[in-house]
Amino acid sequence: FHLSHKVTRVVPESALLIVLGIFLGGIVWAADHIASFALTPTVFFFYLLPPIVLDAGYFMPNRLFFGNLGTILLYAVIGTVWNAATTGLSLYGVYRTGIMGHLNSGLLDFLLFGSLIAAVDPVAVLAVFEEVHVNEVLFIIVFGESLLNDAVTVVLYNVFESFVTIGPENVTGVACVKGIVSFFVVSLGGTLVGIFFAFLLSLVSRFTKHVRIIEPGFVFIIAYLSYLTAEMLSLSAILAITFCGICCQKYVKANISEQSSTTVRYTMKMMASGAETIIFMFLGISAVNPDIWTWNTAFILLTLVFISVYRVIGVVLQTWILNHYRMVQLEIIDQVVMSYGGLRGAVAFALVVLLDENKVKDKNLFVSTTIIVVFFTVIFQGLTIKPLVQWLKVKKTEHREPKLNEKLHGRAFDHILSAIEDISGQIGHNYLRDKWSNFDRKFLSKVLMRRSAQKSRDQILNVFHELNLKDAI
């Protein structure tokens, strides 16, 4: 379907792949009457998710990401907890009125379901937002939130699952405190594992001058090791591989040869694109299995209503707080796109499939609802987000290399702003960035970058080289 631009311009690729998956699943079902393929959590978490997240981390615009880190963290942590708690409690409240009929679930089961359905999915957001081309700030906030909220989701999921296992009557205050502590341990631990492996990878790439051919192999293997190590230590593997990619890109790109760099870029993009394709196709195929379908109209419709409504309320409230502290305000139009961009995807599906039927009696209803939610957000919201962005006239991104003049002025402004912050005694973004770049230049780069790469980082020489190259071309 890439031959027909009319189709891909209107329908996102992810939606087309899901439809194709349903079609293929239907053929298999018609032929054998067994659902022979399903997206299993093991395959998803260990083989399909890492390449996508590594690609996102390695090509992350670092300056934008760290510049908006406070905003991203607020949406990822507070926003996810808000969505999970409100969705779970509202569904339980409605269930108590009797509209949903009889279910074998208590408050904790509803909260468990709320925690897994609250997660904005990085794969779905990437697939849809890359086609829409919204401005960088909006993209980085929604995408950053979808990456970092994984730690919150997995912790909430594990906490409520353990509460369901021990029974509601045995849940104590100590257990709740342990849950809160585990969130910090899981997220910070995952991040530290990622940073450790990033420095290890940078150090290794410093000494590969005579074995250029295996340089790309080191990038993939060490990054994947960070994911597996975090998983083995029960920390956030997604945060580990994301920060491994973010922290190593600068040094690795400087150390490895031009050919290796090209190989890494194309291989990473190809693996991520392939994994995305497989995930969305499998989501479609997994839906064609009558054994998992349990229908409850009230439960499914109310889940869709609650996740949409509480997402909007959460975004509006948090943005109102943030705008008091942000230099660049998030306008109403940005908030609409952020509320609408809360796409659910394969992470929610993989988590719901992991549930134990013996402990969670309504597992099949939860699975059916999750599939409907994923299809609704990816297909319906994915289809309508492009017209919405055009209708609201959201600022689009511009893909072009900044001119030499712009680079020069940009750097001058950075120095001036950090100097003003220094004189006025304010510790802000510019001051911190300046201090970090000085530390990086004096210590980190000397350890993690080979000599020749450090020399070529001289800005004036770089500019001279660029101008010569342009003249030659």
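A salt bridge here is a side-chain nitrogen of Lys or Arg within 4 Å of a carboxyl oxygen of Asp or Glu. This is a predicted model, where local features need pLDDT of at least 70, side-chain atom pairs count only at pLDDT 80 or more, and totals for chains, interfaces and linings use all residues. Residues are numbered from 1 along each chain as its sequence is written, and side-chain values use heavy atoms, leaving out hydrogens and water.

**View A. Asp 414 and Arg 433 pair up in a salt bridge.** Their closest N and O atoms sit 3.6 Å apart. Asp 414 belongs to helix H17 (residues 404-424) and Arg 433 to helix H18 (residues 429-448), so the pair ties together parts that are 19 residues apart in sequence. Helices are DSSP runs (H or I, at least four residues), numbered from the N terminus. Arg 63 joins in too, linked with Asp 414 and Arg 433 in a network of salt bridges. Arg 433 is partly exposed, at 29% relative accessible area; the cut-offs are under 20% for buried, over 50% for exposed and in between for partly exposed (1.4 Å probe, protein chains only).

**View B. Glu 145 meets Arg 311 in another of the structure's seven salt bridges.** Here the closest N and O atoms are 2.9 Å apart. The two come from distant parts of the chain, with Glu 145 in helix H8 (residues 136-166) and Arg 311 in helix H13 (residues 297-322), 166 residues apart. Glu 145 counts as buried, at 4% relative accessibility, and Arg 311 is buried at 4% as well.

**View C. Lys 359 and Asp 356 bring their side chains together in a salt bridge.** The N to O distance is 3.7 Å. Lys 359 is partly exposed at 41%, and Asp 356 is partly exposed at 27%.

**View D. Ser 202 is tucked into helix H9 (residues 173-206), buried at 0% relative accessible area.** A polar atom of its side chain lies 2.8 Å from the backbone oxygen of Ala 198. Setting aside neighbours within four places in sequence, Ser 202 is in contact (heavy atoms within 4.5 Å) with Cys 248, Tyr 251, Val 252, Asn 255 and Leu 448.

**View E. Phe 1, Val 7, Leu 20, Phe 23, Leu 24 and Ile 27 make a nonpolar surface patch of about 510 Å².** Such a patch takes residues with over 30% relative accessible area and no salt bridge, joining nonpolar side chains (Val, Leu, Ile, Met, Phe, Trp, Tyr) within 5 Å. Helix H2 (residues 13-32) gives the most, with four residues. Phe 23 sits in helix H2 and is exposed, at 54%.

Terms used
Patch = residues over 30% accessible without salt bridge, like charges linked within 9 Å, V, L, I, M, F, W, Y side chains within 5 Å. Areas by Shrake-Rupley, 256 points an atom, 1.4 Å probe, with all protein chains shown as cover. Polar contact = N/O pair within 3.5 Å; in protein donor to acceptor, adjacent residues only side chain to side chain.
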